[in-house]
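The model comes first, the report after it.

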Amino acid sequence: MTIATIAGQNVHVNEEGFLTEFGEWNESIAAELAKDVGIDELTSDHLAVLRFLREDYQSNGETPTLRRVSTVGGFDTKRLFQLFPKKPAKKMSYVAGVPKPVGCV
Amino acid sequence: MKHLLVLGGGSAGTMVVAKLRPRLDPDEWRITVVDQDDEHHYQPGYLFIPFGTYRREDAVKRRSRFIPDGVELVFGKPAKVEPEANRVRLEDGQVLAYDQLIIATGTSPRPEETEGTLGSEWRKSVHEFYTLEGALALKGAIDRFEGGRFVVHITEMPIKCPVAPLELAFLADAHFRERGIRDLVELVYVTPLDGAFTKPVAAAHLGHLLAERGIAVETDFMIERIDAEAKAIVSYDEREIPFDLLVTVPLNKGADFLAGSGLVDHLNYVQVDKHTGQSRHYPNVFALGDAADLPTSKAGATAHYSIDVFTENFQQHARGLPMTHAYDGHANCFVESGNGKGLLLDFNYDTQPLPGRYPLPGVGPFALLEESELNHAGKLMFKWAYWHVLLRGRELPLPADMSMAGKVLEATS
């Protein structure tokens, strides 16, 4: 576990750069994280997805899968691929400051 | 007389009644198990059926043989749980009232959830191996396979036994080598995750296994449909992966009768406290095994270790006392890697699979996160232990809580 400085703030990150402390996230950090994954500007559409991820993670203790983001959050899957190109599941969770979806190994 | 009702007589349902019956006073507690038929399937055995290692009779025995004396077995299909009224309605009209309810109805593959799966190629060039019929049909297809693109595909997490698709790819590689046609087969492993291995230590230790075997990996693949005519799987971002033989793992969902009960999430998994299995909505409802929404692998090992903890807790709960034991998410599993070898993983909610020795620190005999013949032998021995030890509620000499002793911690950053 290391400390990184993002948007002028010290935050805890893991070996892949994901935030490990839920409470350390804010929108200015998200804007910097988004740039890391090739998203120059976070629009209100991006932010709506990020907010759903964070709320769902908080109530269930687990990052929602793409399918859940679409069926429960009501976001169209193709739209998610436009907003977070090529790797939406990983990019959304990275920018939202929640763990990436994983298997058991 | 109080009534404990258990829905599902599979691994979790059978193990829990075997544990609880001798521990609950028979004058005070009546126990009933409901299941739809008299076939208990050893589901880990499905993996070996397509390669002829196991046959149907290795994977199926009579369910009633494993339900202990003093527990009533009712054959029927639940139609509806009514937790406000403490009762379950069966499809045949029976109504079963309960004081405490355990839901252990598992999870099942839903090929109908992905467009095109049940089309003209179903069970011809489009297969699955998470049912006995599916595994048997796949055996025929593999026997007839003379070369081409063999694609192993996972629709979406969570799935039952999350390493099984990887094992199938390893076993297929070994099988085609043995038949001398490996050079005619292109093996592709397709996952919705960002890699075949997603945990850093496991990825570092095991990443080479796929490259060594010449298995190509396609990541972040979110399937939209199967194009049976073109024989390709198509993703939402319009990637197409052609196949000659597809082994897909369809979306997994909990039992349909749970939908609308107020107990479950969008995939019909019962929302529970991850340390006790108690419903987050009704204190006299529990879920064990794959039916629960625990944030860990859906696997027999998870059920087994969590039931050890649950048994202690339920004896307190039955007397109106607070439950003082907490399940830590411990699970372990043998992973077949082909050619008579296997791997062993041991982990919990907070600790990813690490290298080392298990169960005795420094000694083993099993090696964690590395290939060995003994790990393969362990997997085959497990079938015996399942039928004779686990389902009978007897103890394996392994503690329920995960131990860090014997594990090697290494820096991952």
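Which side chains meet in a salt bridge at 3.8 Å, N to O? In this predicted model, the partners are A:K78 and B:E238.

## Charges and polar contacts

On the side of chain B that touches chain A, the elements giving two or more residues are α5 (200–212) and β22 (341–347) of chain B. Sort the residues of that side by type and you get 16 nonpolar, seven polar and 11 charged.

Chain B puts 34 residues into the contact, and chain A puts in 23 residues. Together the two chains bury about 2,500 Å², with 57% of that on carbon and sulfur atoms. On chain B's side, B:D194, B:Y236 and B:H266 supply 22% of the area buried against chain A, more than any other three residues.

## Aromatic rings

Over all chains, the count comes to 18 aromatic pairs. Take B:F334 and B:F366: the ring centres are 5.2 Å apart and the planes sit at 75°, so this pair is edge-to-face. The pair links distant parts of the chain, with B:F334 in strand β21 (residues 331–338) and B:F366 in strand β24 (residues 364–368) of chain B, 32 residues apart. Both B:F334 and B:F366 are buried.

There's also an aromatic cluster in chain B, formed by B:W29, B:F286, B:F310 and B:F314.

Note on methods
Residues are numbered from 1 along each chain as its sequence is written. Chains are lettered from A and ligands numbered from 1 in the order in which they are written. This is a predicted model: local features need pLDDT of at least 70, side-chain atom pairs count only at pLDDT 80 or more; totals for chains, interfaces and linings use all residues. Side-chain values use heavy atoms; hydrogens and water are left out. Contact means heavy atoms within 4.5 Å. Buried area is the accessible area (1.4 Å probe) that two parts lose on being put together, summed over both. A salt bridge is a side-chain nitrogen of Lys or Arg within 4 Å of a carboxyl oxygen of Asp or Glu. Helices (H or I, at least four residues) and strands (E, at least two) are DSSP runs, numbered from the N terminus. Ala, Val, Leu, Ile, Met, Phe, Trp, Tyr, Cys and Pro count as nonpolar, Asp, Glu, Lys and Arg as charged, and the others, Gly among them, as polar. Rings of Phe, Tyr and Trp (its six-membered ring) pair if their centres lie within 6.5 Å; planes under 30 degrees apart count as stacked, over 60 as edge-to-face and the rest as tilted. Buried means under 20% relative accessible area, exposed over 50%, partly exposed in between (1.4 Å probe, protein chains only).
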